[in-house]
Amino acid sequence: MVADGAGQTPEGTTGRGAGPRQAWTALPWLIRSAVVWSACLVVIVAGLYLLGRIAVLLAPLAIALAATIFLTALLDPVQLALRRLRLPAALAALLTVLLLLGVLVGVGAMVWNLTANQFGELSQELGQGLQRTRDFVTSTLPVSDQQLDRLLDQARRGVGEGSVDPVSGARTAAEVLGSALLALVLLFFLLKDGRSMWHWTLSRMTGPNRPVTAEAGREGWRTLGAYSRGTMLIAAIDAIGIGLALVVLRVPLAFPLALITFFGGFIPIIGATVAGAVAVLVALAAKGPVTALLVLAAVIAVQQMEGNLLEPLIMKRQVRLHPAVILVAVTAGTLIAGIAGAFVSVPITAVVWRIIDTVQQHRERPTAPPPPPEPAGQPG
């Protein structure tokens with residue numbers, strides 16, 4: 001058979017143009033899969049990195065948005081309860097925000113009155129505990145005082161260098177105050193109009209993506225609400241349990257240590273570990289090694305009860321993440337945005353995972369079979 005043209009096959013394709021395609025199909029399927037998955041992973045990581053950098057550049061706005069969404073998910077049941085009393089949406093949202101402010105101001109005033117004079121003593125107790133730990137390390141391990149001093153100096157330089165800049169401190173305080181005010185205003189509007197905003201967004205979508213988007217958004221919001229309320233409840237239980245153990249063992253500064261435990265509970269695994277280490281160091285400085293070991297046992301017991309009993313009951317399976325995933329998320333959030341990133345990394349990961357899982361389940365559902373054709377009419 002004669003070719004239709006020079007260098008062309010009967011199908012009309014040139015051999016030169018089909019070269020890359022033939023080379024690609026000639027590769028083993030394992031290599032092709034690795035190339036495709038690697039390219040997808042690079043695109044995802046690059047997108048997440050760009051989002052992280054943008055969030056860092058717009059840190060006050062990003063923190064305000066994260067706090068607003070977290071508080072909205074936390075306070076949404078309160079707003080719904082007020083709406084069931086036939087209150088207008090604006091009044092229900094305003095009362096919810098005022099209730100939040102009242103709780104924060106009341107708790108802050110109580111904490112200040114109880115602990116304002118004890119944080120200085122807490123710093124001294126921590127210093128004494130660190131000194132006892134240092135003496136124990138240098139006496140039992142082959143580490144000299146000079147080597148330990150060099151390691152501590154390197155750690156201090158890694159944490160931060162230079163003296164405190166008053167201008168930078170004032171600017172940071174202004175940014176924090178502005179972020180707090182912005183978060184309160186956004187919280188009011190989300191409580192008041194959040195559902196109508198979501199329905200408006202869904203109304204602009206057409207086609208088969210609308211049902212799966214509605215379901216994924218609903219499940220993601222439920223996950224965030226369950227996580228926020230569950231985390232606060234678990235942190236409070238941890239603080240009460242460890243605080244009672246400190247009171248029973250007569251360790252000083254029990255209330256400040258319980259407060260540190262409560263705030264540390266919002267950073268899974270790492271926050272509880274740091275709070276427990278602080279409590280053990282204070283017990284070591286104030287009461288000696290025996291009491292410190294008892295405090296360590298109490299901290300481990302409370303954390304084991306939390307991980308094996310409370311978390312499965314409170315968080316449910318739809319919110320739970322594997323500890324390895326939590327560690328990676330907290331580390332990544334800390335590297336990107338510091339303490340604020342550590343706070344928001346785990347709820348973001350939980351919500352994203354729940355949305356992906358919902359979309360995957362929606363796609364795996366069997367589609368309804370098409371209706372059978374209508375029978376043809378009988379011939380006359």
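**A helical chain: cavity, pocket, surface patch and salt bridges**

Reader: What is the volume of the largest cavity?
Author: The model discussed here is a predicted one. A cavity is a set of points where a 1.4 Å probe fits but cannot get out. By this rule, the count of cavities of 30 Å³ or more comes to one. The volume of the largest cavity is about 30 Å³.

Reader: Which residues line the largest cavity?
Author: A residue belongs to a lining when it has an atom within 4 Å of a point. For the largest cavity, the lining consists of Asp238, Ile242, Thr261, Gly265, Ala272 and Gln303.

Reader: What percentage of the residues count as buried?
Author: A residue is called buried when its relative accessible area is under 20%. The chain has 380 residues, and the share that counts as buried is 27%.

Reader: What share of the contacts with a separation of 6 or more comes from residues 24 or more positions apart?
Author: Two residues are in contact when heavy atoms lie within 4.5 Å. Among contacts in the chain with a separation of 6 or more, residues 24 or more positions apart account for 69%.

Reader: What percentage of the accessible surface belongs to carbon and sulfur atoms?
Author: The chain has an accessible surface of about 25,000 Å². Of this area, the part that belongs to carbon and sulfur atoms is 70%.

Reader: Which helices each supply at least two residues of the nonpolar patch?
Author: The patch on the surface is formed by Ile54, Leu57, Leu58, Leu61, Leu65 and Leu182, which together have about 550 Å² of accessible area. At least two of the patch residues come from each of helix H2 (29-57) and helix H3 (59-84).

Reader: Is Ile54 buried, partly exposed or exposed?
Author: Ile54 lies in helix H2. Buried means under 20% relative accessible area and exposed means over 50%, with partly exposed in between. Because its relative accessibility is 47%, Ile54 counts as partly exposed.

Reader: Which helix gives the most residues to the lining of the second largest pocket?
Author: The second largest pocket has a volume of about 580 Å³. Its lining holds 26 residues, and those nearest its centre are Pro268, Ile269, Glu306, Glu311 and Ile326. The elements giving two or more residues to this lining are helix H8 (209-248), helix H10 (270-287), helix H11 (289-315) and helix H12 (323-364). With seven residues, the helix that gives the most is H11.

Reader: Is Asp76 buried or exposed?
Author: Asp76 lies in helix H3. Leaving aside neighbours within four places in sequence, Asp76 is in contact with Leu191, Arg195 and Trp221. Its relative accessible area is 9%, which is under 20%, so Asp76 is buried.

Reader: How many residues apart in sequence are the parts that Arg195 and Asp76 tie together?
Author: Arg195 forms a salt bridge with Asp76, and their closest N and O atoms are 2.8 Å apart. Because Arg195 belongs to helix H7 (residues 166-203) and Asp76 to helix H3, the pair ties together parts whose separation in sequence is 119 residues.

Reader: In which helix do Arg222 and Glu219 both lie?
Author: Arg222 and Glu219 form a salt bridge, with the closest N and O atoms 3.2 Å apart. Arg222 is partly exposed at 45% relative accessible area, whereas Glu219 counts as buried at 13%. The two residues are three residues apart, about one turn of the helix, and both lie in helix H8.

Reader: Which residues do salt bridges that share partners join into one network?
Author: Arg354 forms a salt bridge with Asp357, the closest N and O atoms being 3.5 Å apart. Arg354 is buried at 17% relative accessible area, and Asp357 is partly exposed at 22%. Both lie in helix H12, three residues apart. Through shared partners, salt bridges join into one network Glu219, Arg222, Arg354 and Asp357.

Reader: How many salt bridges does the structure hold?
Author: A salt bridge requires a side-chain nitrogen of Lys or Arg within 4 Å of a carboxyl oxygen of Asp or Glu. The pairs include Arg195 with Asp76 and Arg354 with Asp357. The number of salt bridges in the structure is five.

How values were computed:
Residues numbered from 1 in each chain as written. Predicted model: local features only at pLDDT ≥ 70, side-chain atom pairs only at ≥ 80, totals over all residues. Heavy atoms only, no water. Buried < 20%, exposed > 50% of the residue type's maximum accessible area, 1.4 Å probe, protein only. Areas by Shrake-Rupley, 256 points an atom, 1.4 Å probe, with all protein chains shown as cover. Patch = residues over 30% accessible without salt bridge, like charges linked within 9 Å, V, L, I, M, F, W, Y side chains within 5 Å. Helix = DSSP H or I, 4+ residues; strand = E, 2+ residues; numbered from the N terminus. 1 Å grid on protein atoms, 1.4 Å probe; cavity = no way out; pocket = protein on both sides within 12 Å on 5 of 7 lines; lining within 4 Å. Points joined across faces, edges and corners; volume = space filled by probe spheres on them.
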